[in-house]
Amino acid sequence: MIKIYNTLNKQIEEFKPLKSGRVLIYHCGPTVYWTQHIGNLRGMMFGDLLVRTFKYNDYEVKYIRNYTDVGHLSSDEDEGEDKMEKGAKRENKTPLEIAQKYIDIFEKDTKKLNLLEPNTKPRATEYIKEMQAMIQTLINKGFAYETDLAVYFDVSKAKDYSRLSGQSEKDKIEGTGTGDIQDKNKKNPNDFALWFFRTNKHKNALQVWPSTFKSKAVKDGLGFPGWHIECSAMSKKLLSDSIDIHLGGIEHVPVHHTNEIAQSESANGIKYAGYWMHNEHLLVDNGKMSKSEGTNYSLAEIIKKGFDPLVLRFFFLSAQYRSKQNFTWRALLGAKNGLDHLRNQIRQLGEKKGSINSDYKNNFLQAINNDLNTPQALAVVQKLLKSNLNKKDKLATILDFDQVLGLDINKTNDENVPEEAKKLLEKRNKARADKDWTESDRLRTEIEKLGYTIEDLNNKTRVYKTD
């Protein structure tokens, strides 16, 4: 039994799939106008952990994580400049070039963090026709209307519009306009844009498509989609009208996900998602990440400081996804020491696998199936290592757990050995090949002085940080 916290109902619930043995998951992915910071990557790893958990429980998983490459304005409300075009101007590139540059960086980062590949990674610009079709359905059903500036969703027509966020209409931020300009023809202050026409503040928009929507100010309905409609259309096309789980950051609750529910359920006439799951923010030194203060760290900066990317993954696992987590360099160093220690414990088990221990597996399942309780799951790993089980069974069981943890915990850490130690190791390998055992022993001692251990097993030499 898998239990997850459902933001929609504000409680932990037993997961019951739409179809037995299968789970459909949609995850709001990055807006690819900038390098994703480690807080965003924590959110992506949350999705990876959920997918791994369902697979570990023998579910068939269909997992979609999108790229937003148009329509996400500088506010989550319908205000400001398109983030993609802002990035294009910043770097004197086209929006397409900007998208490709930052998708490439993101994909390298997710690979380094050992995130499983989604079934599909759609780009919003590839699904404009599907978005237009959904918007037209909403117009036909009376849920949306056209002005000269945009096509809006009429929130007064939505059933229980704020049930996800719990906000009242008065509490919601009012006066959302079209590109920072109030649209006098909006029916309600909180109506949100499904389609922006290429006019007013968006008259110079770089990414536009013709449409059948009507505006006196724009010929051929030329414009671009609003951010919220993108996820609804892609989820419908690639998964179904109704899905099992929708994922995202906690910041998506009041606006983006609230609007997704309203438009999807109004268009499709069916419940959009049974479960809504949201990861909390990653703090830095107990404060919000900030570009101006230089705390908007990327994975590249983590690596530049000499950390294995999987140290960051181990750090993320040390906190439950619904808890705020505080990043400091000292905390990351603690995670490095913890992962090094874990890897060294695994090495001492040897290389031969026995049988998976069912008692410890059940304990691990109880932890991970309880709303992804990774700190408790890691505690089970340590209890196993300290147990009286034989080494072969310990190894088999821990490697089984790693299908969820994704730490590659039996891999060597040679790639993080400093250059000085690597050069000494090369010399030692040559000395061993020449059967110069005295020189080989001397070089071993030099390497050990640097804090690294050498292990010669089955004609293979491994070097790793000494515990």
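1. Phe192 is buried in this predicted model, with a relative accessible area of 2%. Its partner is Phe153, and the two ring centres lie 5.1 Å apart with planes at 15°. Planes under 30 degrees apart count as stacked, so the pair Phe153 and Phe192 is stacked. Phe153 is buried too, at a relative accessible area of 0%.

2. Phe153 belongs to strand S6 (residues 150–153) and Phe192 to strand S7 (residues 192–197), so the pair ties together parts that are 39 residues apart in sequence.

3. A second pair to look at is Phe315 and Phe316. Their ring centres are 6.0 Å apart and their planes stand at 50°, so this pair is tilted. Phe315 is buried at 5% relative accessibility, and Phe316 is buried at 4%. Both are part of one aromatic cluster that also holds Tyr297, Phe307, Phe327 and Trp329. In total, the model has 20 aromatic pairs.

4. Two rings carry a lysine over the face. The charged end of Lys305 sits over the ring of Trp329, 5.1 Å from its centre. Lys187 lies over the face of Tyr145, at 4.7 Å from the ring centre.

5. The largest nonpolar core has 76 residues, and Ile25, Phe54, Ile245 and Phe327 have the most contacts inside it. Helix H1 (residues 38–56) supplies the largest share of this core, ten residues. Apart from this core lies another of 50 residues, including Ile139, Ala144, Leu194 and Cys231.

6. Leaving aside residues up to four places away in sequence, Phe54 touches Ile2, Phe15, Val23, Ile25, Tyr59, Val61 and Ile245.

Notes:
Residues are numbered from 1 along each chain as its sequence is written. This is a predicted model: local features need pLDDT of at least 70, side-chain atom pairs count only at pLDDT 80 or more; totals for chains, interfaces and linings use all residues. Side-chain values use heavy atoms; hydrogens and water are left out. A nonpolar core is a set of buried Ala, Val, Leu, Ile, Met, Phe, Trp, Tyr and Cys residues joined through side-chain atoms within 4.5 Å. Buried means under 20% relative accessible area, exposed over 50%, partly exposed in between (1.4 Å probe, protein chains only). Helices (H or I, at least four residues) and strands (E, at least two) are DSSP runs, numbered from the N terminus. Contact means heavy atoms within 4.5 Å. Rings of Phe, Tyr and Trp (its six-membered ring) pair if their centres lie within 6.5 Å; planes under 30 degrees apart count as stacked, over 60 as edge-to-face and the rest as tilted. A charge sits over a ring if NZ of Lys or CZ of Arg is within 6 Å of the ring centre and within 35 degrees of the ring normal.
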